[in-house]
Amino acid sequence: MAEVRARVDFKVGANSSIDAELLSFHGLKTEKEHVAVIFKHADQTQQSPLVRMHSECLTGDVFHSSRCDCGEQLDETINRMGESGGIILYLRQEGRGIGLYNKIDAYKLQSEGMNTYEANNHLGFGDDLRDFTEAAQMLEALGIKKIRLVTNNPKKVNDLKSYGIEIEQVVNTSAHVKEGNEGYLKAKRSHGKHNLDL
Ligand SMILES: [Zn+2]
């Protein structure tokens, strides 16, 4: 069973003004350095905390790339949880699990006309290699069995349920459409069955 390795206070968000805690773990299934960010708030006394599983996206999270909506989704989650509490499980599985360099190869194929799933398939990868087992392990280490999951992705809901986490409610995120990511979002909706209002 996974356990919390260390936890420290820090402040996050655009103005570094939101109180939160950063947690590391040991005993996770892989050596990946996943972290949890816990937002403290009065509402945190609720039995089922808001939880967002965010898979690392260097280009979106750090550089707010035009090609996806990951950075905007992360910012939205930080602001929401800053107000009402919650937990971000930040999972180090870049590019839906194929890694950064492969993602850049996939971007090149997308520039030549493929959609995000076709590009991954062309490189020999499945649609989505992300594994949420460790997210469930992290929740278990925190003693959390029932959550409200922030996502538009039905696969995340089904995966977490299969690992024994009870989903009391699914909370959708906004659609963050901008120049350059319309095709990406449409593919997520039509092929990945994301619940996106575009
Ligand atoms: Zn992204």
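UniProt positions are given in the numbering used here, with feature names shortened, and such annotations may be inferred rather than shown by experiment. With that in mind, the unreviewed UniProt entry lists Asp128 and Arg130 under "active site". The model discussed here is a predicted one.

Both Asp128 and Arg130 belong to the lining of the largest cavity. The model holds two cavities of 30 Å³ or more, and the largest cavity contains about 420 Å³ of space. Its lining is made up of 31 residues, of which Cys70, Arg96, Arg130, Tyr184 and Lys188 lie nearest the centre. Two or more lining residues come from each of β4 (50–55), α2 (70–84), α3 (100–111), α4 (116–122) and α7 (182–190), and the largest share, four residues, is given by α3.

| Residue | Relative accessibility | In contact with |
|---|---|---|
| Asp128 | 18% | Arg96, Asn153 and Lys155 |
| Arg130 | 13% | Ser55, Gln93, Arg96, Gly97, Asn153, Lys155 and Lys156 |

Asp128 is found in the loop between α4 and α5 (133–141), and the loop between α4 and α5 is also the place of Arg130. Because buried means under 20% relative accessible area, Asp128 counts as buried at 18%, and Arg130 counts as buried at 13%. Finally, the side chains of Arg130 and Asp128 are joined by a polar contact of 2.9 Å.

Methods. Residues numbered from 1 in each chain as written. Predicted model: local features only at pLDDT ≥ 70, side-chain atom pairs only at ≥ 80, totals over all residues. Heavy atoms only, no water. 1 Å grid on protein atoms, 1.4 Å probe; cavity = no way out; pocket = protein on both sides within 12 Å on 5 of 7 lines; lining within 4 Å. Points joined across faces, edges and corners; volume = space filled by probe spheres on them. Buried < 20%, exposed > 50% of the residue type's maximum accessible area, 1.4 Å probe, protein only. Contact = heavy atoms within 4.5 Å. Polar contact = N/O pair within 3.5 Å; in protein donor to acceptor, adjacent residues only side chain to side chain.
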